[in-house]
Amino acid sequence: MASLARLRLPRRVPFAVRAIQTSADTTELRHTPEDFSKPLTVKLHEESFHGYKCDIPELEVQVTKDELLTMYKQMQTMRRMEMAADALYKAKLIRGFCHLAIGQEAVSVGMEAGIQREDFIITAYRCHPFAVMRGGTIKGVIGELLGRQAGMSNGKGGSMHIFTPTFFGGNGIVGAQVPVGAGLAFAQKYQEKKNVTFAMYGDGASNQGQVFEAFNMAKLWNLPCVFVCENNKYGMGTSAERSSSNTEYFTRGDKIPGLQVNGMDIIAVREAVKYARKWAVDESKGPLLLEFVTYRYGGHSMSDPGTTYRTREEVQRMRSTQDPIRGLQRYIEEWGVASEQELKQLDKDAKSEVDQAVEEAKASPEPLTKDLWTDIYYNGTQPPYMRGREREEVHHY
Amino acid sequence: MYARSARPLRRAANVLARFNSTTVEPPPAGGHLPSVATSQLLRTTRESALRAPRIKWIDEDSTGPVKPVVGGRETRKMNTYQAVRDAMRYGGESCLNSSGSKKCSIVLLKDDNAVVFGEDVSFGGVFRCTMGLAEEFGRERVFNTPLTEQGIVGFGIGLAAMGHTAIAEIQFADYIYPAFDQLVNEAAKFRYRSGGAYNAGGLTVRTPTMAVGHGGLYHSQSPEGFFMGAAGLKVVIPRSPIQAKGLLLAAIRDPNPVVFMEPKVLYRSAVEQVPIDDFELPLGSAETLVAGADLTVLTWGTPVYHCEAALHMLANPPPSIATHVPSAVRGAKIELIDLRSILPWDVETVTESVKRTGRLVIVHEAGMTAGAGAEIAAEVQKRCFLKLNAPVKRVTGWDTPCGMQYEKFNIPDAIRVLDAMVETLSY
């Protein structure tokens, strides 16, 4: 199977003589249990990981039928949700900004499969699936996109401003969330919590100065902070090769070890996250860089067709040969874990779950005018008034 | 940013005391004007310190009776940096409740979640404001950061979001610009854009501001005006040791992110008797320092003392400039107001005053164009239009960069304030 990454990733780095494998279906079955209540033993492709100053995770891993089906259902649901957002945007019901993660589902769902409930994630604007996986709801996400009261920020945020108690957004300024993540990790360490913060950014943000400021502080203070570069190969409309002098993002932490991961194979993602968690929490080895090599099918945002800086053929080839959902579907069918019929049923369930959430979100009212003036300052400590457009609109607290 | 280390502010008093003289004769020792050291606005007795207007005592045992205002309380002679440090000691024992929100209903004796960090703070910082704190509270709670302003504020937001009381220091206000995005986009908007789920209310960013007379381009700026439109933030500038301690404690405990700008020339030159108990002064509230009826002078930070000097000069002009001060205006009663909070600013106190006096002079060190005075002047002329007897006058730094050789001419001094008062009074 031709790997796009093979063409794109430079080969000059000696320890990465071969490019990272980004196929979604190269994991082999090693051992089938007698019944599926026991885990399967599978072996990941040997090019699923590249390490920088660290060993790579075990390639032989165990995974249960339940886990496989849950991950499949979640990825399918996340894709359906993003497709629903796409349709709502095109129907002019969602206004403003909207960045979709179609194609990158293995990262959000795979990460959730590998981390603990109390760990933290903070990411940038391609955040919808994370918000749901971290305890939010589809209705809450769609409601936020629509700007309704049912939205997770009560309709006051929008696409990139969605939060849960363990998910710190949803941040719109490229790279600004990374030092905030270092602060979260510091607090976890200070409060002696056995948890880790995953501070995520894209290949585009990886060239922001403050990302390196955060690297330095995290390594200096040995913080339980895993920096996660979601490399979808294009920072807005500029390819990684055109923007970055070093596209091996997992090697950019200087003294911070790094791990490059096939971000299209959900099992590899899950194993990498488990590895990182063990690194930062159980072994207290400080920060680690993870790079998930992935791909977005759509444009950067809704106003970008996504075909001016890459060919339609390239997108089509990724969709047809390296799709994370299709890859997992193939494992499940080939390994005899579930039938095509059963998977079709999961697809249907995902669709109806999303459809119902969309209807509920659409039915939710828009925020009240008075809510425009709340949550600016802590209630009771605000200035006496704030201005509106007209004199009559000046709001007095 | 070549000069990271601060020079001793040895010429501080002289800087405040000079005026635009064209003579070649050196000024008399102590300068032509009363200096900060002799300012009548400083509270140098225990009695006057304990009676500072609107002082709010935060007693350790909130269940017990609040001690009477004066009885049993002590003061100690402190300059501004000592008062700031004293506040952080209390800030280190601030009043975060268990849910992480900062309500001051219960004052905890010790808040393990309060941390102080910034460039060189663990050995005291360049202005000595954090001296001894690391030894007293441990290096886990008072620590140096790399030279990484954007990172410091971002890091502080993350800490604050976890319920910590994060007291960050940006070494000079001139270095706050790399962190502008984190303050304006992240700290100020966190509460709003998360629908109230998160906030950076626990964050206080302390930073030395304004000129000392020889700081030059990157050590003399006053960036408060740039933050004035950032709803969600608060911006506070104290004028004296008592003000610094009371306002900083209020800022640390305010459940909103606060940028606290400390006029660096006052760190050593302003000395008061400061109550040693825990107390706060209100944010968003101006203080009328001198009551008057004919003209309002509004300022904050260092220029408070230039304005005080100008008031004296108006009443008793020195012979060399007496011809420029018509005798008709010498008896004018000038009202002097210290704005203290730039965001939100105390519109009510200012407009109430201007409605009485009919005249307003605004004095600040930042440049005039779109400085804080522009916003204040616009709002005052709207609210007091029919009461104004003269246009609102602004006395500010020039719009040029603050060149080191010309710094003394850049800062609004007593002579320029005097000139503006005369012009406004005789309009």
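Predicted model: local features only at pLDDT ≥ 70, side-chain atom pairs only at ≥ 80, totals over all residues.
Local features need pLDDT of at least 70 and side-chain atom pairs count only at pLDDT 80 or more, while totals for chains, interfaces and linings use all residues. Residues are numbered from 1 along each chain as written, chains are lettered from A and ligands numbered from 1 in written order, and side-chain values use heavy atoms, leaving out hydrogens and water.

**Exercise 1.** Work out how the radius of gyration of chain A compares with that of a compact globule.

*Solution.* 
- Step 1: take the rule, 2.2 Å times the number of residues to the power 0.38, with the radius computed over C-alpha atoms.
- Step 2: check burial; 60% of the 397 residues of chain A are buried, meaning under 20% relative accessible area (1.4 Å probe, protein chains only), with exposed over 50% and partly exposed in between.

**Exercise 2.** Find the domains of chain A and how far apart their C-alpha centres lie.

*Solution.* 
- Step 1: read the bounds, which come from an automatic or database domain assignment.
- Step 2: domain 1 covers 20–236 + 247–301 + 310–366, and domain 2 covers 369–397.
- Step 3: the C-alpha centres of these domains of chain A are 38 Å apart.
- Step 4: for the secondary structure, chain A has 12 helices and 13 strands, taken as DSSP runs (H or I, at least four residues; E, at least two) numbered from the N terminus.
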